[in-house]
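Reader: Hi! Could you walk me through this one before I set anything up?
Author: Happy to, here it is.

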Amino acid sequence: MSGRTFRESDTVDFVIVGSGAAGGVVARELAQRGLTVVVLEQGPRIAPQARMHDELKDWYLGGITNDVVKNPQTFRNAADKDAELQKFKPALWYGRAVGGGSLHYTANFWRLHEIDFVERSALGAIPGTGFADWPITYADLEPYYTKVEWEIGVSGLAGASPFDPPRTRPYPMPPLPVKSSGVLFERGARKLGLHPFPAPMAINSQPYRGRASCVHCGFCHGLPCEVLAKASTLTTVIPEAEATGRCEVRAESYVCRIEVSKQGRVTGVSYFDRERRERLQRARAVVVSANGAETPRLLLMSASSQFPDGLANSSGLVGKYLMFNCVSRAVGVFEHELNEYKSVQVTRVLHDFYDSDPKRGFYGGGGLDARLGPQPTTWAIRTATEGPAWGSAFKERLKEFPRTMQVAAHCTSLAVESNNITLDPNLKDAWGLPAIRVTYKDHPDDLSTARFLQDRGAEVLEAAGALRVTKAPVTEQTSSVHLLGTCRMGNQPKTSVIDRFHRSHDVPNLFICDGSSLVTSGRGQPTMTIQALAFRAGEHIAAFARRGEI
Amino acid sequence: MDSANLSRRSLLQAIAAVMATATAPVGWAQVALAFDQAHAAHGSGERRLSWLKETEAADIEAVAAQIIPTDDSPGAQEAGVVYFIDRALGTFFSQLASDYRAQLAVFRAGYLARYPTARSFASLTSEQQVELLKRVDHTPFFTTTHLLTLLGMFTLPVYGGNRDNVGWKLIGFEDTHAFYPPFGYYDRDYPGFIESARIK
């Protein structure tokens with residue numbers, strides 16, 4: 001399974017920090033183009049087949065994610081407040097195993113639309129925000145979206161949504177079978193003149209590239225797929241990278257510092273191995289794909305006399321413009337059983353409200369989808385927040401599990417400088433490194449968008465014949481799995497951290513590619529775009545290496 | 001146990017189905033093994049405390065039984081939630097344990113102030129318990145007990161709660177590893193996306 005191993009005295013072409021959605025893809029792209037690669041991953045390498053539907057472990061005990069004991073974080077909603085230790089659930093959640101977030105994601109794989117890349121030009125500036133155009137367009141990224149669909153494996157129906165951006169190829173697999181939530185969503189949405197379509201999912205609807213098709217077990221959300229039908233980098237691009245004989249994935253290797261020469265060039269990385277011994281891996285260049293939380297943290301921890309504010313941080317924007325994607329949901333209870341706990345989360349989506357509309361009076365847009373959401377334990381915890389929390393009435397509500405669905409809204413988040421990641425000045429993690437301190441407060445327009453879309457979702461449920469529709473209060477977020485924007489891409493070194501090819505403006509042989517690269521938040525479901533960026537970045541970085549430009 | 005047997009049987013059917021269609025079925029032997037081990041482990045239904053004292057456990061169990069009461073169907077008590085909580089505080093939620101013990105002492109002092117002769121919370125009538133809990137259901141003690149009760153009621157039985165899958169049976173969650181369409185009432189006879197668009 002694992003390919004070649006390198007010695008620390010070897011100077012490899014690339015060290016990649018992180019083996020998740022982006023790191024795994026970049027590793028394969030570089031290794032297949034003849035370059036030597038060491039991937040360092042904080043977490044262990046697990047065999048997904050040996051896992052079971054352990055909601056407690058994977059949702060509440062950090063089974064494959066960061067956990068609150070070893071990787072503590074603090075949270076506050078404004079810089080003048082004290083940041084509080086998060087004792088039960090981390091503020092920022094990310095995969096911490098080989099495969100990273102691609103192990104536990106839901107695998108909704110929408111592409112961004114053309115407007116996402118040029119929205120600032122279309123709508124104008126939004127005061128108090130860092131709302132900006134991307135330095136690339138949808139057309140630049142289209143070939144790589146197609147690559148994700150075919151190389152990673154996405155099920156869907158091309159042309160089913162009238163709002164879909166142009167594409168050069170259909171999906172490689174048909175959509176997954178519709179669920180009752182999807183049928184009801186379709187029924188309600190069509191009555192309202194809306195345009196539901198089969199959800200694009202990175203889950204096999206039929207056997208694909210050596211991986212089995214989905215058995216509809218219902219435990220995609222937050223857990224790794226035991227039958228490998230849900231694509232993760234662990235089971236797709238990483239084995240392909242290793243098969244080249246030029247890539248080593250080193251698990252339980254926790255990078256603590258990027259090393260820099262007197263000339264201001266990266267020379268390798270220092271990391272803690274499994275026994276917490278500090279080690280050094282030398283490399284000609286480094287790619288940081290550690291996610292939108294850990295990437296800026298590592299750059300800030302790599303401050304030196306040459307780079308006193310953190311590596312690649314002459315703009316001061318490393319860690320800033322954190323975006324979560326705002327969310328909301330409307331819940332509907334129906335007469336008959338839907339049994340939403342079976343199969344994949346989402347089978348129908350609609351994008352009628354994707355674009356921002358100045359007539360609404362606020363910036364923002366999003367997508368709606370049909371799903372249950374929580375598995376049994378989280379169902380109970382959530383139900384308690386939306387009605388009687390204990391006693392006989394609570395027990396009765398719990399029994400509505402098979403007859404309930406929700407319309408979830410996935411919305412824009414504006415880039416706001418005061419939403420950010422910094423190093424906590426007091427708290428350390430289990431390795432003695434500074435903990436992540438999160439400062440986050442949803443922009444008022446983000447909350448307005450979430451409420452607007454929640455109302456549209458409630459209308460869909462009513463039109464579908466729900467017996468009862470409820471709207472959970474839309475409140476400011478204190479936790480997220482979408483970690484975006486913290487090392488943004490741009491043409492100007494003063495207003496961005498990396499250039500259009502993911503090279504850091506300040507350090508010529510340091511590249512960054514993951515959720516931190518995003519300039520705007522899109523409308524949720526960022527992994528598809530992160531992987532398209534990674535395929536594109538991998539191709540360009542390999543070309544730089546071949547031309548001696550690293 | 002019937003549910004465990006059913007589970008294994010369904011799993012084997014699923015394996016057979018995947019073997020028939022996949023070009024390279026991966027890892028099913030390990031999945032089957034893990035499930036077998038999990039079900040074997042939870043068959044024991046042990047009723048022994050390792051971290052909580054008997055008096056603490058009695059109070060917690062009575063509170064849990066008010067959170068998910070026993071009526072015509074089993075509740076938190078039958079699910080063995082208190083044994084889950086005992087294990088949680090002693091092991092995987094040990095970071096909560098010392099605070100929780102102190103919160104429990106405050107709760108105990110509270111009901112003893114009102115009913116000085118009570119031997120335990122459990123010895124009060126259900127009406128007395130409910131009346132008391134309504135006054136404290138936003139305190140840290142109740143919030144933590146509530147969370148742990150729900151986790152213990154609905155999570156995998158290997159952790160000591162959800163005995164005989166009573167939590168899952170309560171909410172109609174089927175403990176089966178693979179499903180095939182139709183999944184529910186509304187997706188039966190679905191004509192297909194294109195056709196359904198035409199029908200309206």
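Predicted model: local features only at pLDDT ≥ 70, side-chain atom pairs only at ≥ 80, totals over all residues.

Reader: Thanks! What share of the contacts in chain A with a separation of 6 or more comes from residues 24 or more positions apart?
Author: That share is 73%. Two residues are in contact here if their C-beta atoms, placed from the backbone, lie within 7 Å.

Reader: How many helices and strands does chain A have?
Author: Chain A has 12 helices and 17 strands. Both are DSSP runs numbered from the N terminus: helices are H or I with at least four residues, strands are E with at least two.

Reader: And what box do its C-alpha atoms fill?
Author: Roughly 70 × 50 × 50 Å, taken along the principal axes.

Reader: Nice. Which strands make up the open sheet, and in what order?
Author: The order is 5-11-12-13-10-16 in chain A, with antiparallel pairing; two strands pair if DSSP finds at least two bridges between them. At the edges are strand 5 (196-198) and strand 16 (468-471), each pairing on one side only.

Reader: Which helix packs on it and touches strand 16?
Author: Helix 11 (residues 444-463) of chain A does, and it also touches strand 10, strand 12 and strand 13. Its direction makes about 20° with that of strand 10; axes are lines fitted to C-alpha atoms, for helices over the stretch in contact, and angles run from 0 to 180 degrees between N-to-C directions.

Reader: Switching topic: is Pro200(A) buried or exposed?
Author: Pro200(A) is buried, because 28 other C-beta atoms lie within 10 Å. The cut-offs are 20 or more for buried, 12 or fewer for exposed, and partly exposed in between, with C-beta atoms placed from the backbone. Pro200(A) sits in the loop between strand 5 and helix 7 (237-242) of chain A.

Reader: Which residues does it touch, leaving aside neighbours within four places in sequence?
Author: Among them are Phe109(A), Trp110(A) and Tyr171(A).

Reader: Last one: how many residues of chain A are in contact with chain B?
Author: There are 56 from chain A, meeting 51 residues of chain B. Helix 9 (376-385) of chain A gives the most to that side, with 6 residues.

How values were computed
Residues numbered from 1 in each chain as written. Chains lettered and ligands numbered in written order.
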